[in-house]
Amino acid sequence: MAVKERVGVVVSNKMEKTVVVAVENRSSHIKYGKIVVRTKRYKVHDEKNQCKEGDRVRITETRPLSKTKHWEVAEILK
């Protein structure tokens, strides 16, 4: 089974051991062909509280850690 990974930008780090990561999905509109940008926000586990707002991070899916948190930070890219 393949591990799900996403790359996104940290938009909030106000919680303890949790950051909110916005992941952009750029796709072409089926009928009109225009590039459409859709953004999804994930709550991500950050054990050491080392992510700051604006950091680019890679996240991986994990077991449910809370009601809304199913992802964890794999690495900080920038």
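This is a predicted model: local features need pLDDT of at least 70, side-chain atom pairs count only at pLDDT 80 or more; totals for chains, interfaces and linings use all residues.

User: What makes β1 and β2 a pair of strands?

Analyst: Strands are DSSP runs of E with at least two residues, numbered from the N terminus, and two of them pair if DSSP finds at least two bridges between them. Strand β1 covers residues 5-15 and strand β2 residues 18-28; four bridges join them, and they run antiparallel. One of the bridges sets V10 against V21 in β2. The hairpin of β1 and β2 has two residues between the strands, and K17 there takes a positive phi near 60 degrees.

User: How do you know that β2 and β3 pair, and in which sense?

Analyst: DSSP bridges again decide the matter: β2 and β3 are joined by 11, in the antiparallel sense. R26 stands opposite V37 in β3. This hairpin has six residues between its strands, and G33 in the turn has a positive phi of about 80 degrees.

User: What makes the pairing in the barrel mixed?

Analyst: The closed barrel has five strands in the order β1-β2-β3-β5-β4, with mixed pairing.

User: Why are the rings of Y42 and W71 called a tilted pair?

Analyst: Rings of Phe, Tyr and Trp (its six-membered ring) pair if their centres lie within 6.5 Å; planes under 30 degrees apart count as stacked, over 60 as edge-to-face and the rest as tilted. By this rule the count comes to one aromatic pair. The centres of Y42 and W71 are 4.9 Å apart and their planes stand at 55 degrees, so the pair is tilted. Because Y42 lies in strand β3 (residues 35-45) and W71 in strand β5, the pair ties together parts that are 29 residues apart in sequence.

User: What makes up the largest nonpolar core?

Analyst: A nonpolar core is a set of buried Ala, Val, Leu, Ile, Met, Phe, Trp, Tyr and Cys residues joined through side-chain atoms within 4.5 Å. The largest one has 11 residues: V10, V19, V21, V23, Y42, V44, C51, V57, I59, W71 and V73. Two or more residues each come from β2, β3, β4 and β5, and β2 gives the largest share, three residues. Both Y42 and W71 are buried.

User: Why is I76 called partly exposed?

Analyst: Buried means under 20% relative accessible area, exposed over 50%, and partly exposed in between (1.4 Å probe, protein chains only). I76 has a relative accessible area of 34%, and is therefore partly exposed. I76 is found in strand β5, residues 69-76.

User: Which residues does I76 touch?

Analyst: Contact means heavy atoms within 4.5 Å. Leaving aside residues up to four places away in sequence, I76 touches Q50, C51, D55, R56 and V57. With the same exclusion, the residues that V10 touches include C51, D55 and V57.

How values were computed. Residues are numbered from 1 along each chain as its sequence is written. Side-chain values use heavy atoms; hydrogens and water are left out.
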